[in-house]
Amino acid sequence: MENSEFQFIGFLIKKSKIEINSTKDLDLSIKFKPSGKLNKVNSTFKLVLDILITEKNNELNIEVQSEGEFVYNNLTDERLNQFLYLNAPAILFPYIRSYITSLTALSGVSPIVLPTLNLSSLKDELKKNVTVVDKT
């Protein structure tokens with residue numbers, strides 16, 4: 001079987017912090033801070049996605065920092081950019097979403113289930129925060 005042009009290798013939760021006072025009637029706010037490292041020498045991309053979930057009355061605060069690792073081959077710059085800035089966050093987010101649900105459920109409170117989100121709005125910020133390595 002032939003490998004895909006862009007492959008998800010795996011993810012790692014680098015940091016996780018949770019503070020819970022209550023999970024009843026929460027008014028949650030979700031913020032993302034994307035960044036990454038594109039290594040053109042070995043055709044890899046590491047996406048770092050920080051997520052901060054807060055509640056307006058400080059009843060709940062969750063911080064998660066995750067890394068997703070990807071490899072690619074034979075891609076034009078235009079196609080690579082689409083995978084890096086649109087597809088990579090969309091691929092990584094469900095793993096973080098599931099982690100947050102499990103983390104809160106195992107904390108003895110009602111689980112927090114984040115909605116599925118279209119992360120295309122992160123494209124420009126991610127593009128700004130990517131470091132490119134193009135020589136050995």
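**Figure 1. Burial and overall layout of the protein chain.** Of the 136 residues in this predicted model, 32% count as buried. Buried means under 20% relative accessible area, exposed means over 50%, and partly exposed lies in between (1.4 Å probe, protein chains only). The chain has 2 helices and 5 strands. From the N terminus, the order of elements is β-β-β-β-α-α-β. Helices (H or I, at least four residues) and strands (E, at least two) are DSSP runs, numbered from the N terminus. The C-alpha trace spans about 50 × 35 × 25 Å along its principal axes. Contacts are heavy atoms within 4.5 Å. Among contacts with a separation of 6 or more, 70% come from residues 24 or more positions apart.

Residues are numbered from 1 along each chain as its sequence is written; side-chain values use heavy atoms, with hydrogens and water left out. Local features need pLDDT of at least 70 and side-chain atom pairs count only at pLDDT 80 or more, while totals for chains, interfaces and linings use all residues.

Figure 2. The accessible surface comes to about 8300 Å². Carbon and sulfur atoms hold 45% of that surface. Areas come from the Shrake-Rupley method with a 1.4 Å probe; for residues, only the protein chains shown count as cover. The chain carries 16 positive and 16 negative charges. Their mean positions are 3 Å apart. Lys and Arg count as positive, Asp and Glu as negative; His and the chain ends are not counted. Each charge is placed at NZ of Lys, CZ of Arg, CG of Asp or CD of Glu.

Figure 3. Phe11, Ile91 and Tyr95 make a nonpolar surface patch of about 240 Å². Patches are built from residues with over 30% relative accessible area and no salt bridge; like charges are joined within 9 Å, nonpolar side chains (Val, Leu, Ile, Met, Phe, Trp, Tyr) within 5 Å. Phe11 belongs to strand E1 (residues 6-20). Its relative accessibility is 36%, so Phe11 counts as partly exposed.

**Figure 4. Ser66 and its surroundings.** Ser66 sits in strand E4 (residues 60-72). Ser66 is buried because its relative accessible area is 0%. Leaving out residues up to four places away in sequence, Ser66 touches Leu12, Ile13, Lys14, Leu47, Val48, Leu49, Leu92 and Ile96.

Figure 5. Side chains of opposite charge can pair when their charged atoms come close. A salt bridge here is a side-chain nitrogen of Lys or Arg within 4 Å of a carboxyl oxygen of Asp or Glu. By this rule the count is 7. One of them joins Arg79 and Glu5, with the closest N and O atoms 3.0 Å apart. The pair links distant parts of the chain: Arg79 is in helix H1, Glu5 in the segment before E1, 74 residues apart. Arg79 is partly exposed at 37% relative accessibility. Glu5 is also partly exposed, at 30%.

Figure 6. The side chains of Lys15 and Glu63 meet at 3.4 Å, N to O. Lys15 lies in strand E1 and Glu63 in strand E4, so this pair ties together parts 48 residues apart in sequence. Lys15 is partly exposed, with 43% relative accessible area. Glu63 is partly exposed at 28%. Salt bridges link Lys15, Lys17, Glu19 and Glu63 in a network.

**Figure 7. Salt bridge Lys46–Glu67.** Lys46 pairs with Glu67, the closest N and O atoms being 3.7 Å apart. Distant parts of the chain are linked: Lys46 is in strand E3 (residues 44-55) and Glu67 in strand E4, 21 residues apart. Lys46 is partly exposed at 35% relative accessible area, whereas Glu67 counts as buried at 17%.

**Figure 8. Positive phi in two loops.** Ser43 is in the loop between strand E2 (28-39) and E3. Its phi is near 55°, a positive value in a residue other than glycine. Ser43 is partly exposed, with 23% relative accessible area. Asn58 lies in the loop between E3 and E4. Asn58 is not a glycine, yet has a positive phi of about 60°.

**Figure 9. Ser102 in helix H1.** Ser102 is placed in helix H1 (residues 77-105). Ser102 is partly exposed, at 35% relative accessible area. Asn87 is 15 residues away along the chain, and the two C-alpha atoms are separated by 24 Å.
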